[in-house]
Each structure stands twice: as C-alpha cells, then as structure tokens.
Amino acid sequence: MSQNLENAPHNDRKQLYLLALGALGVVFGDIGTSPLYAMKEAFTGPHSIPASPANVLGVLSIIFWVLIFVVVIKYLTFIMRADNRGEGGILALLAILTPLGVPTLRRRSMLIALGLFGSALLYGDGVITPAISVLSAVEGLEVATPALSHFVVPITIAILIPLFLFQNRGTGRVGAIFGPITLIWFITIAATGLSGIIKHPQVIAAINPFYAVGFFVENGIVSLLVLGSVVLVVTGAEALYADMGHFGVKPIRLGWYAVVLPALTLNYFGQGALLLSHPEAIQNPFYELVPSWGLYPMIFLATLATVVASQALISGSFSLTRQAVQLGYLPRVTIGHTSEVTAGQIYIPEVNAFLMVACIALVLFFQKSSNLAAAYGMAVVGTMIITTILFYYVAREKWKWSNPLAASLTALFLLIEIPFFLANMIKFIHGGWFPVVVAAVIYTFMSTWKKGRKLLSESMNSRSMPMDLFLRDASISGIERVPGTAVFMTGNLEGVPTVLLHHLKHNKVLHKKVVLLSVLTEEIPKVDPSERLQFKALGAGFFRITGRYGFMETPNIPELLEGCKGQEGLDFRMAVTTFYLGRETLIARGKKGMPRWRMKLFAFMSRNALDATAFFGIPPGRVVELGMQVEL
C-alpha cells in the first residue's frame with residue numbers, strides 16, 4: 001500500500017482501487033469517525049444553541065460547505081500540490097521552504113518557528129484522537145443500556161492500553177484489514193443516515209448555502225461560537241496531506257469522492273433529519289439514529305473504526321518524530337522497524353509511552369467526549385492555519401505566483417479558519433489549553449535542541465584544524481600507524497574531527513587507514529541510492545566518506561560502508577574496523593546564545609539521547625567512545 005500511484009500505469013484500475021481502499025483506513029479514519037461527536041457538540045457543548053429546525057438546517061448547511069471548502073478546495077485542490085517529492089505534511093512543507101531563500105532571515109526564522117509549532121500541535125492531535133474517538137464510540141453503551149454508563153471510562157482505558165502495547169508488533173497485519181473495516185464503517189453510517197433522510201427528506205434543503213447564511217444572521221455572535229464545534233467535522237483533514245506519500249493523490253481523491261464525502265454527508269444529514277422530529281435525541285444523535293437491534297453491533301463497529309483512526313494518528317506520530325530527528329529538531333530516539341518490506345512501518349517506544357500515558361490521563365481527567373471536544377478543536381484549527389501560511393510562501397517562492405493571486409487564495413482559506421480559531425479560543429479554559437500546552441512544551445524541546453546543536457557544532461568546529469595542515473603534520477611527524485581501519489564519525493565536512501585530535505593527543509597512534517565519516521540529512525524525503533555515498537581519498541591513508549539520507553530514512557552505517565569495499569584497498573570487515581565516537585559532557589553556562597535554563601535543558605536532552613552506536617546500527621563491540629567536556 002505504500003506505493004505511489006503516480007508510478008503505476010494509468011490503466012491499472014486494480015492498483016488504483018487497492019490504494020484507495022488502503023487510504024480509507026489510514027487517511028480517512030480520523031475524519032470518518034467525526035460523526036460520532038461533531039453534530040451533538042453544536043447543540044450540547046459549552047456554547048450550544050437550541051436544536052430548532054432552523055438551527056438544525058443551518059448547522060447542517062455549515063457542515064456541508066465546510067467539508068467542501070476545507071477538504072475539497074483547500075487540501076485536495078491546492079495544498080496537495082505542495083509536495084516534497086511526493087511527501088506531504090508540515091515538516092515536508094517546511095523542508096520545501098528552507099532552501100528556497102525566503103527574502104529575510106527574520107521571516108525565514110518565523111516560518112521555521114511556525115512549522116515547528118504546527119508539528120508540535122500534531123502531537124497534541126495524536127494524544128487527543130485516540131482518547132476522544134474510542135471514548136465517543138464506547139459512549140454508545142449509555143444509549144443502549146444507561147446502567148452501563150459507569151463502565152464507559154474503564155472500558156475505554158481497557159481498549160487503549162492494548163492498542164499501545166501492541167504497537168511494537170507492527171501494523172502490517174492489522175493494516176491489511178484497516179481499509180475493509182473502514183469501508184464497512186462508511187457503508188454502515190451512510191445507510192443509517194439515509195434511513196433518517198428518507199423519513200424527513202426536507203433536510204436535503206440544507207445543501208443550499210443560504211441556510212448557513214440565515215443561521216449566522218439569526219443567531220449573531222452565538223453562531224460564531226458554534227463554529228468551535230462545527231470544526232470537528234474536518235478533524236483529520238491534515239492527514240490527507242500528511243499521508244499523500246503513502247498512497248498518492250489519485251487514490252486519496254478517489255476514496256474521498258467515491259466513499260467518504262457521500263457517507264459523511266448522508267450521516268450528518270440523517271442525524272439532522274432525526275433532530276427535526278426528535279430534538280431530545282441530541283444527547284447522542286449518532287446512536288439514536290441506529291435501530292435498537294443494531295445498537296450493540298454499531299458500538300462494536302464504531303470501536304473498531306476508532307481504533308483504526310487512533311492507529312493512523314499513532315503511526316503518524318512515529319513518522320513525525322523520525323522526520324524531526326533526521327532534520328535535527330529532536331535528539332536520537334529508538335527507531336524499530338516492524339516490517340521487512342515497508343520501511344515506513346516503524347515503532348518508537350519513547351513516543352508510544354508518552355502517547356499512552358497522556359491518552360489515559362486525558363480519559364480519566366475529561367471523562368466524556370464532549371469535554372474533550374474543546375481540546376480537539378484547538379489542535380485541528382491551529383495546524384490548518386499554519387499549513388495555510390506556509391502554503392502562501394511556497395506558492396510565492398517556489399511556484400512564483402503573483403502576490404495578488406497567492407494572497408487572495410490564502411485570504412480565502414483564512415476567512416474560514418480564523419473564525420474557527422476564535423471560536424475555539426473562547427473554549428480555551430474548557431480544554432483548549434491542553435494541545436497548546438503540549439505544543440508549547442514540544443516546541444521548546446525542538447527549538448532548544450536545534451539551537452543547542454548549532455552552538456555545540458560551532459564550539460567543536462572552533463577547536464578543529466584545516467585538513468591539509470593536519471595531513472602534512474601527520475605525514476612528517478613519525479606518528480606510529482597500526483594495522484586496521486579506524487572510522488571517526490563527524491559532522492564537520494571540512495576540518496579535522498575533534499574526536500580524532502582527542503584520540504591522537506592521548507593515544508599517540510593512528511590506524512593505517514583512517515576514515516572520516518559524515519551522515520547528512522537532506523531536506524527531501526528519500527535520497528536516490530545512486531546518490532547515497534560520496535567517497536574521497538585525502539592521501540596519507542585518510543579518506544572522507546559522506547552518506548546522504550532523506551528525512552524519512554534511517555541511517556545504517558554498516559550498510560553504507562559496504563558500498564566502499566574495495567576502493568583504495570579499504571576493508572570494512574568489522575573484525576579489523578574500529579569506530580571512534582565523541583561523547584561530550586556539556587557544562588551549561590548560558591553565555592553563547594541561549595539562556596542558562598535552555599542550556600540545561602539541552603544538556604539534559606543530550607544526556608538522554610539514544611546512543612549513536614544503537615541509532616546508526618554500529619556493532620557495539622567495535623566502538624571506542626572518547627569523552628570531552630564542552631562549555632556552552
């Protein structure tokens with residue numbers, strides 16, 4: 001399912017349908033479970049309105065046109081054109097902008113900060129989605145048997161814990177049934193919605209946008225507050241963009257137009273039809289629309305669908321973390337590959353543990369999906385606005401659009417999103433604070449790590465010396481050369497690595513063959529294998545090897561060095577190869593560009609980063625670590 005349709009023959013309809021089916025589970029799981037809670041929030045949330053016929057038709061009209069403007073016009077028509085070699089998402093969008101030469105350094109820094117904060121918001125989304133989705137599905141028990149209402153929270157937690165504990169098994173086998181489960185889900189919610197519409201066909205009139213206009217005119221400022229709940233219908237819209245690299249644009253569009261949009265429209269309108277005759281059903285219109293004999297099967301199916309939606313966000317958090325690590329915004333973490341076939345299927349235990357604890361804490365704290373809805377909206381709208389702003393600069397700098405054209409389109413998107421944002425700001429104290437706090441904390445970690453690594457690199461490079469001078473000294477000073485190959489890992493592509501100077505100062509010997517190895521992360525998703533390796537003989541038994549990787553790839557040093565065997569007599573048999581790594585002990589002084597508290601945070605992150613030996617796949621028995629103190 002990870003193939004991109006753009007590489008498939010146009011007449012391969014089977015491939016198109018298979019990719020579209022896979023996209024249903026991965027891409028549309030989040031937005032597809034929104035009917036569980038979105039409609040009722042407009043009429044039961046903190047700033048709700050009465051479920052009168054005029055209000056019901058007005059809200060339905062807003063929901064329909066929000067789906068059209070946000071998903072169809074913004075994401076499927078425009079945003080998905082801004083891909084980084086087929087990959088999407090905020091970090092991919094940021095990677096497009098970084099090398100384009102945005103006019104001023106200040107503006108470039110602002111865009112990077114925005115992109116990082118948007119990425120941090122996605123972690124908040126990754127925490128809230130499993131909690132609100134599973135909780136809203138299990139809340140169907142309250143409709144089926146009110147006496148079971150006390151068991152909703154325990155059952156939700158009982159579902160969430162295994163979901164996270166099984167992440168290390170990989171999503172390959174489970175992923176194969178994601179698409180079919182979600183397809184059954186969409187067919188089912190479409191059928192239940194259609195049954196409601198048949199009973200009250202007048203609800204179809206809500207497609208007319210004048211009902212939305214009339215709603216705003218009639219309700220005034222209150223109608224703007226309702227937008228804080230309506231935005232829940234587009235939760236997961238960002239996933240269309242973020243996951244485009246896994247399936248391609250055409251399968252995602254096919255899945256949306258053929259299945260998702262019709263099913264969502266039918267179900268929302270079916271809920272609206274129910275409310276026209278039974279306003280009291282607003283406590284849970286999704287389940288009230290289901291016939292009594294189908295309640296328990298629907299609860300079971302809804303739970304499966306929400307697990308699928310949760311899995312997509314959990315896997316997305318893993319991918320986002322790997323991208324952030326490769327782009328230098330987070331320290332090294334444990335990246336486990338759970339599939340021998342699909343490189344994108346990874347597992348990061350540190351992120352998994354954080355998500356599990358945070359999800360369970362959210363369920364225990366908020367208790368009901370309605371209480372969580374306020375938190376959800378803030379994460380969704382914040383990410384959408386940041387994507388819109390970054391898109392403007394891509395249109396101007398990469399596509400060379402005129403300012404009036406780019407600004408007009410951006411203004412259209414913001415005209416829809418800013419009212420959503422303001423409506424959610426009002427709900428800040430009701431839970432909207434949560435994703436903002438999570439994003440602020442993660443943003444602080446990401447920006448601190450990036451700045452700290454830059455300062456550390458500058459400090460280490462200042463202690464280096466020119467390579468040509470070193471080689472002259474090494475060739476005439478009578479340094480003893482011992483058999484074997486030494487590999488010194490370094491981020492310095494020009495001078496002599498500090499760890500090599502440190503080794504020479506204390507050990508007074510060099511191997512007969514010395515390799516200076518650098519691993520670079522390019523601002524593209526994947527590097528072509530033919531461009532992976534750069535090799536240069538420096539003379540006197542010294543060589544410089546550079547490995548280039550994309551931000552969606554995980555470096556593997558032994559595999560990289562295999563490509564150099566035989567060149568200039570190099571032999572990378574592990575029995576005769578020693579890897580030298582530097583381990584810096586950071587002393588935080590806070591005198592070089594960051595406050596003292598951030599220096600201490602950077603030092604803490606550095607101490608707890610995954611060991612380079614494990615991250616790069618180096619045999620631990622062939623590694624020598626040389627420690628040194630660095631004052632920052």
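Predicted model: local features only at pLDDT ≥ 70, side-chain atom pairs only at ≥ 80, totals over all residues.
Student: Which residues of H22 are called buried?

Tutor: They are Thr 498, Val 499, Leu 500, His 503 and Leu 504. The term requires a relative accessible area under 20%.

Student: Why is Pro 262 called partly exposed?

Tutor: Its relative accessibility is 32%. Buried would require under 20% and exposed over 50%, so Pro 262, at 32%, counts as partly exposed. Pro 262 lies in helix H14, residues 249-277.

Student: What is Pro 262 in contact with, leaving aside its neighbours within four places in sequence?

Tutor: Pro 262 is in contact with Trp 256 and Tyr 257; the criterion is heavy atoms within 4.5 Å. Ala 190 is 72 residues apart from Pro 262 in sequence, with a C-alpha to C-alpha distance of 7.4 Å.

Student: What makes strands S5 and S6 a pair?

Tutor: Pairing requires at least two bridges. S5 (residues 533-539) and S6 (residues 542-549) have six bridges, in the antiparallel sense, so they meet the definition of a pair.

Student: How does the reach of H17 stand against the expected span?

Tutor: Helix H17, residues 349-366, reaches 26 Å from its first C-alpha to its last, close to the expected 26 Å. Just after H17, Gln 367 has a positive phi of about 70 degrees.

Terms used: Residues numbered from 1 in each chain as written. Heavy atoms only, no water. Helix = DSSP H or I, 4+ residues; strand = E, 2+ residues; numbered from the N terminus. Expected span 1.5 Å × (residues − 1). Buried < 20%, exposed > 50% of the residue type's maximum accessible area, 1.4 Å probe, protein only.
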